[in-house]
Structures are given as structure tokens and as C-alpha cells.
2 protein chains.
Amino acid sequence: LKEPILFWPVFLKKNQVFILDETLLPAKVSYIKAKNYHEVVRAVKEMKTRAFGQVLAFFNGALLALEQNKNKKNLENILKKVMSDFCNSRPTLPFGAFRHLVNSWIEKAKEKNLDLYAFIKKNILGFLENTKNIALKRVQEVSEIIENNDAILTHCNISGQLVMIAQLARAQGKKINFFVTETRPYFQGSRLSAWELKKAGFDVTLICDNMIAKVMSEGKIDKVIVGSDHCAENGDIANKIGTYQLAVCAKEFDIPFYCLTQSLGKLPKIGADIPIEIRPEKEFLFYKNKRFAPRGT
Amino acid sequence: LKEPILFWPVFLKKNQVFILDETLLPAKVSYIKAKNYHEVVRAVKEMKTRAFGQVLAFFNGALLALEQNKNKKNLENILKKVMSDFCNSRPTLPFGAFRHLVNSWIEKAKEKNLDLYAFIKKNILGFLENTKNIALKRVQEVSEIIENNDAILTHCNISGQLVMIAQLARAQGKKINFFVTETRPYFQGSRLSAWELKKAGFDVTLICDNMIAKVMSEGKIDKVIVGSDHCAENGDIANKIGTYQLAVCAKEFDIPFYCLTQSLGKLPKIGADIPIEIRPEKEFLFYKNKRFAPRGT
């Protein structure tokens, strides 16, 4: 199974972090080449990459800083500054948990008097490898839950994983089709999910975010599958705005609701402990420089 | 209380039907001047006017045809053709019920040997007068249900009536504020409701259609008030896409849900008997000529 570009959208190559610019999709497949970790942080802030891409941005940004400062005496402080800058870039994402994780490696390296550069690099690469394997295993498992003739509703974009699930289900001989919400305000449903599912040859029906109850009430939806930005110990998940009412509607119409999530470190106790990001209003009031709404709202 | 322009957006004047072009709002307040009923039908088809404006379009289109053909022998057939053209323009709206009503007047005129032109004209004017009085009475009643400090969530646009309700409530000394869904795909929430409420001096928070459960779960909403295109004998209502999940969420969070509706003639028995209009996909996939979504969806 070929990995879709959205599955692993950020990687280190030739002393640069390559970041798939998801804001240009589907019109253009283009990578930002970040020459230092600051440029990676900026790409995260500007939502050039999102969802799992931000996890990759964090660790590849750290890897790049490691490479560029490997002989510096204050490597530990540099690394801590890198992590702090990522933590301050956007909330919701489990950057704090990653910092916690990397800090534990730093402590271990100091304790055992290991070379900091080599030890952190090895651990990050191992973590990413492990994360990829968990995702691939989950993709396989979810593909087996899918039944023949299922109509699957999704929201936002699950970083290439839904396409992989769909391709595996198809390889298992199941015929499936998709309903995708456009996912206002940033249209990740239209621009990413509908695009990648269509490109992989699946039948895709795009709906407005407000058509969920309607299509569910008509019996058109068999399963809901969404991703998550973060999760909590009690099973709460945090995901793109709109996921809550999607779940409320699934409950109303008795439709199974699946969320792809994984614990990437220490988890908050309950969902309410996850900070939710409030984005600038211009992302909602404008689209490609056209204003949608009256001033002052 | 001054009537907002959206309250009575279509009227007959100087042998022309003036139709407020709601697609140009809020950027521009402009009226289409229809010189014959065909131009009125076209404005309905193209959604230049909508909701209650279409009711007014139907009757003012009929009035215009009456004036322009008052001395014709086949006035009855002309009138029936006018009504048939409106019925074929858009479903959902209770045009069928209006035709039923006007036909009953035609039968009565024939039975009692009355002048068809004069009798139908008198009845239409009486019907419109009566409809306005019912709306004004309802606006007054709803304003009394509103409580001090209410945050009211609305969807789409209730043809100026929500502004009147709000103004009356304010005159009763109540402080209120509004949450308005943008109402994809045509943005009637952003373009019409947010605009007219803001213009009347109310505090308006615009939200994406997918933010309903979120704001409700935070206790930010006290009441939901929406309009309706049509209703049924059993109390079902038909309104803009998105109203269903708004109601599902209101139920989930125990928030009172009010729908402004009125029987404008013979009603279908249940909501499922109301034909629902499926609009062209381009209204959803494009906004101001910019494509939102991949081809083939």
C-alpha cells in the first residue's frame, strides 16, 4: 500500500524540513523547505500543515535544530527553546506531552552521561517509527471493521489514514462510498478529504456541515469515522470544530461513530483539560480575500 | 415600529413588481423591477428573493398579470398559467396551497357570476393584508416570550421578523444578543440575519454551521428561533437545510426551540409530504466563481 502524501506530510531531507503546504491543496502539491526550526514553527502557526503534520513538524523541527547545533555546549537549552516555541505556536495539539517526553530523554541522557545529540536523535527517530507503525496497524484494524456497501461519513481530514483504510477495505473486496463534510471554516473536508478520496477512485458526496442530520435521517450513512487532535484518559477526544454535533447526530440516529486516536505521551485526565485553540476571525469571515459577513459581527 | 426591508421585500408599484435582490445583500440594497410575471418567476427561480419574499412574489406576480390582462376574455386561463409557472419554479414553498386558494376564489366568482378581475384582486389584497397582520401579531407574541439577557441562536433568515421581535423586546427593556449561523451554502445567516440585526444595533456573534453543539454545550444559548418555508398539519416544519440538526442539538442540550410558521392555506398532513428542493450543485461548490471542491464530487 502506497502511503498517501497526507499520511507523512513533513520530513527532514538535506538539512531542511520539507512541509507539505496543505493550504494550497488541492490546486497545487507544494512543499515549504524550512531552513531552520523557526521556519517550521511559522508554518505550524500559519496552519500550512495541520493535524498529524504538526506532530511531524515538532519532531522534525527538533531534529533539524539538533543537527544544526550538535557541537554546541548549550544543546540542551537550545532544544528546550525549540520545544517551548512549538508549545507557544498553537494549543490543542499535544505539544506539551511531546515536550514532557523529550525532557524525560534529556534527563535520562544526563543521568547516564550519554551523548545528548545522538541519544535524542535516536529516540526521536524511534518514536516516529513507532508512531508510524501504530498508525499503520490501526489503519489495518479499521479497514476490517468496514463492511461491504458501507457509506462512511467523515469530517475534516485524517491525514491520509482514511484513504489507506478505504484502499485496504477495497482490497478486501468491499465496495464503499464516502460522505464528506466541507468542514468550515477552512474547508479541509472539501480541499483534503474529498480530494484524496476522489483521487484514489472512491465515490465521494460532499455535503455542507449543516446537512448531517438530513443525510443521516434518510438512512444514507452507515458509519462515521473521524480523527482527533488529542485525547484524554477518560476517552474524551478533541477534534476539529463540528465533531461534537456530528457525534450528537450519530447518537440521535444510532449510527456507529469511530474516532482514530492514539496516545502520543502523557494524556490529560478529561477532555475539558485540553486547551482549545481560538483562531483569528479573519479565517472565518473571509475566503480568498472575499468577505462573507458584515463588519462588527 | 418601522418594518425592515426584508419584512416586505416584494411589492407592486407603477405596473411593475419590485423585488429586493437579496443575493446582493449586504453589499447593496437594490430592487429588480419586473415588467411582467415571467420576470417575477425568473427572480424566484434564481433565488433573488426567498422565504416570505416568494409568497409575495407569487401574489404580486398574479396581481401584475391581472392588471395587464384585466380585459381579456381568457383571464381565468392566464391566471392558471401564472400559478402553474410559479408552482414549477421551486418546490418546498407552499405555492400549491396558494394555487388551491386562488382556484377556490375563481370557482366562487364563477358561481356567483362576479367580475373575475375585481374579485380576485380584492381577495389577494385581503389575503396579503391578513398575512401581514398575522405576522405582526406573532412578532409581538414572540417578543413577549423573550427574557432579559437572552442569547438567541438563529439559522438562515426569518424575513425581517427576527429584527422586529428584537426591537420590540428591546423596547420592553430587555437586553438580548444573537448567535447567527452563517447558513451554508448561500450564507443567508451571514449576509442577511447578521447584517440586519447588526444594523439594528444588536450584538451579533456569527458562527459556522458546525459550531452549534459547541456554543450550546458552553451554556451560551438560551433560545433557538428559526422560521419555516412550510409546515404540516402534524406540526412538522420545513426550513433551510441545517434546521434539523439545530433541533437535534437543542434537544440534546435542553434548549427551547421556537419556529415561526403560519398556515397560508391547505396544509400537507405530515412533513414528509412536503417536497424538498434540491438546488444546483454549483451553488455549493463555488462561491463568487471560486471553486471550493475537487471535480467529480
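## A strand pair to start with

Which residue in β2(B) is the bridge partner of L12(B)? In this predicted model, that partner is V17(B). The pair belongs to the 4 bridges that join β1(B) to strand β2 (residues 16–20) of chain B, with the two strands running antiparallel.

## The sheet in chain B

Zooming out a bit, chain B has an open sheet of 3 strands in the order β1-β2-β3, with antiparallel pairing. At the edges you'll find β1 (10–13) and β3 (31–34) of chain B, each pairing on one side only. Direction ignored, neighbouring strands here are turned by 25 degrees against each other on average.

Now for the helices that sit on this sheet. Helix α1 (residues 37–45) of chain B packs against it by touching β2 and β3 of chain B, and its direction makes about 145 degrees with that of β3(B). Helix α2 (residues 52–68) of chain B lies across β1, β2 and β3 of chain B, at about 20 degrees to β1(B).

## The sheet in chain A

Over in chain A, 3 strands form an open sheet, ordered β1-β2-β3 with antiparallel pairing. Since β1 (10–13) and β3 (31–34) of chain A each have a single partner strand, they stand at the edges, so one side of each is left without a neighbour in the sheet. From one strand to the next, the twist averages 25 degrees.

Here, 4 bridges join β1(A) to strand β2 (residues 16–20) of chain A, and the two run antiparallel. Pick F11(A) and you'll land on F18(A) as its bridge partner in β2(A). Helix α2 (residues 52–68) of chain A packs on the sheet and touches β1, β2 and β3 of chain A, its direction making about 20 degrees with that of β1(A).

## Where the chains meet

The contact draws 44 residues from chain B and 44 residues from chain A. Between them the chains bury about 3,800 Å², with 69% of it on carbon and sulfur atoms. On the chain B side, N210(B), Q245(B) and F292(B) lose the most area to chain A, together 19% of what that side buries.

K251(A) forms a salt bridge with E252(B), whose closest N and O atoms are 2.9 Å apart. There are also 16 residue pairs in polar contact across the interface. Elements giving two or more residues to the chain B side include α7 (188–199), β6 (203–207) and α9 (243–252) of chain B. The largest share of that side, 6 residues, comes from α9(B). By class, the side of chain B that touches chain A has 23 nonpolar, 9 polar and 12 charged residues.

Technical notes
Residues numbered from 1 in each chain as written. Chains lettered and ligands numbered in written order. Predicted model: local features only at pLDDT ≥ 70, side-chain atom pairs only at ≥ 80, totals over all residues. Heavy atoms only, no water. Contact = heavy atoms within 4.5 Å. Buried area = accessible area lost by both parts, 1.4 Å probe. Salt bridge = Lys/Arg side-chain N within 4 Å of Asp/Glu carboxyl O. Polar contact = N/O pair within 3.5 Å; in protein donor to acceptor, adjacent residues only side chain to side chain. Nonpolar A, V, L, I, M, F, W, Y, C, P; charged D, E, K, R; others polar. Pairing = 2+ DSSP bridges. Axes fitted to C-alpha atoms, helices over the stretch in contact; angles between N-to-C directions.
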